[in-house]
Every structure is written in structure tokens, then in C-alpha cells.
Amino acid sequence: MSVHCLLVAGGSVPGILGRWRCFPVPLGSSLVQGLHNSCCRKKSTAPKKIIPSVALCDENTKKSGNALDKLFSSEQQASILQVLNTASNKELEAFKLLRGRKSINIIEHREKFGPFQNLESLMNVPLFQYKTTIQVCNSILCPETEGEKRKFQDNRLLRKLIKPEIKRERLKAVNSIVSIVFGTRRIAWAHLDRKLAVLDWQQSECCQLMKGTYLSSVYLQEISSVISKMPNADLYVLEKIGLSIQNSSRFPVLLHFHIMEAMLYALLNKTFVQDGQHRVLSMNRNGVGKHFELMIGDTRTSGKELVKQFLSESVLKEEPRVVFPSEKIVRYRQMFSSTEEQRAEELYDSLLQAIAFYELAVFDTEP
């Protein structure tokens, strides 16, 4: 029977590399076959040539660059590069997709590496990947019109001014609104139509609201009584006061305002529900203050003198900004005079908020 010799390393001795012992092993034994398979396996699984990841990235970038060249004609590419290489930061920000950090990155890359030679080089700028680059190129070729820019800006301002979001078409169709402003002891409202004619304007004292422990039953009773006096309108606009919760001393007032707002939302929507659409909106108090230039820093000043002016103009001017019906003007002027010493800011603010709502949201024009 044929045999193979198997050499096995023996114990080592200091100064000697090692000793080997020879054992006879049959040719067809499983041990020999296993060693053979092991050697073959190692040979076949030798490490393949690894392509560095940087090379893969370069290859992908190259393919993306070639794809960009196919997407745009030579004339289009020239127009895009002209903008990228010559436009100032302000001019770049005129494009919607280049606002903020992207325009700054383009300027910095241009100053460091020189003009862009092709569209592919734009992908070397931070924040510019393949899809982003395509979108930017398209926006440069087809910039927003002035009308589209105006619409975008108006919608953004409207979202900051009024919550929840409401479609412009619905705002344009508004015929009358009730503007509601509440404080710690008083709720006031002004009912105006789209001609800025004052149909109703009054206030109600609610002296029991902040007494005790904010009893829900008291709030429900007081607010329900006030709502029962309010007329039907297309929309009801509540003043949104932005009090910071960081000031712990204001927490009782902040809690009161949140309860009032929640109650008014629920009861007004339930009382005047129509077609399943919400009819109650919130309007930013400071937004109204800015419209009438009543802001000093972050603080809003009294609108009493402005309301007094509107009352006078309604009598003296042929086309006043606000129309007080002749049969009601005397009553409103008497009401105003009787509240001058009471600091009835809610009464004044309810009228100003209604005017600002029409001028900013419905008419979309400055006075």
C-alpha cells in the first residue's frame, strides 16, 4: 500500500529552530484529502484586487457629469455657467434653490478654484449632489417670475400671520368677520364687512374668570354667554398673544389665555359650524402691531389714539379708511369716550385686528 510521510513539528529547543518527526500516512486517507482540499481552497480564495473607494466615487462623479452634459444643450450650459461664474451673492440668492448657504458656497468655491469650467464641477461644491445640481440648473434656466416670487412671499407671510393655514380663495370670498380679543377680565369683538364698515363693536366684562382655581364650569358659562351675543360671520379671528413660558411669574396669565383660546375655538366652531369647515383663525398680535406701526422693539404700544383717529376720519373724510355707520357713530364715540380712562385695550385691538385682517389677508394691499 502506498504511503505518504507527514512531517509534524516537534518541541523546540533553545537555539534550534525546531525538530520534525515523520509519520507514515496511507495515500487515500481522509487526512491527506483534507489537507489537499485546504490548500486548494486557500489558493482559490486568494484576495482579489481591491478598487479604492475614492476611485469609485470619481467614477460615479464622472458618470454624473456626463449625464449632466446630456441633459442640457451647449447653449443652456453656457447660460448656466455664465450665471454661476459672474453673479454676486445677492444675485444668486434671487434663485429660490440658491438661498442661504448654497450661494455662499458657490462664491467661496469660485474664489478658491476659479470659474466653473463645466456643470460637472458644480458637484464639487458642498451641498451640491447630482439631483440638487439638476434642480439648480433648471431654476437658473427658468427663474421665478416676479408674480411667482410675490406669491411665494405673500404665502409665507400669511402663514406667519394667520393660523391654521387657509386657502387664499376662501379668504378672497370673505364678506364679514368677527375679530375677537380677550384679556384677563374682558372680551371684545368687532364685526366688519369687506367694505370695512363696522357692523357691531362691543365688549363684555368677565370678572369671574381668573378667580379661584380656573374652574372649567365658570369659563364655559362666561364664554358661552359672550358668544351668544356675537353675530354670524364668515370667519372668527382670535388674537394670538405670544407670551413666553420662560417667565414663571406670567404662568397664571398664560394658563388663562390658553384656556380662553381653547374654549373660544371649540364653542365658536360648534355654534357657527358650516359645511364642516373650520371658521376660527388666530392672528399674530405683533403682526397687527407692525401693520399699524405700533411696535417699539418687541413691545406693542396702545392703539387708542389710532382708533380715535379712525372715528374722527369717519365723520370728516369722504372716503375714510374705516366706515362707522351714521346711525351708530354717536354710540361708538360715546363708548370710546367712556373707556378712555379704563385702558380698554381689548376694545381698541379688536377693531385694529379686523382692519389688519382685511388689508393683509383679504385685500392683500397696504393702506
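A residue counts as buried under 20% relative accessible area, as exposed over 50% and as partly exposed in between (1.4 Å probe, protein chains only). The model is predicted: local features need pLDDT of at least 70, side-chain atom pairs count only at pLDDT 80 or more, and totals for chains, interfaces and linings use all residues. Residues are numbered from 1 along each chain as its sequence is written, and side-chain values use heavy atoms, with hydrogens and water left out.

**Aromatic pairs**

Rings of Phe, Tyr and Trp (its six-membered ring) pair if their centres lie within 6.5 Å; planes under 30 degrees apart count as stacked, over 60 as edge-to-face and the rest as tilted. The count by this rule is nine aromatic pairs. One of them, tyrosine 236 with phenylalanine 272, is stacked, at 4.5 Å centre to centre and 25° between the planes. Tyrosine 236 belongs to strand E7 (residues 235–240) and phenylalanine 272 to the loop between helix H10 (251–271) and strand E8 (280–284), so the pair ties together parts 36 residues apart in sequence.

| Residue | Relative accessibility | Class |
|---|---|---|
| Tyrosine 236 | 0% | buried |
| Phenylalanine 272 | 10% | buried |

One aromatic cluster is formed by Trp201, Phe324 and Tyr332.

**Helices H12 and H13**

Helix H12 (residues 304–316) packs against helix H13 (residues 326–339) at an angle of about 155°, with the axes 11 Å apart. H12 is therefore roughly antiparallel to H13 (angles over 145 degrees; under 35 is roughly parallel, 65 to 115 roughly perpendicular and the rest oblique). In the contact (heavy atoms within 4.5 Å), H12 contributes Lys304, Val307, Lys308, Leu311, Ser314 and Val315, and H13 contributes Ile329, Tyr332, Arg333 and Phe336.

Methods: Axes fitted to C-alpha atoms, helices over the stretch in contact; angles between N-to-C directions. Helix = DSSP H or I, 4+ residues; strand = E, 2+ residues; numbered from the N terminus.
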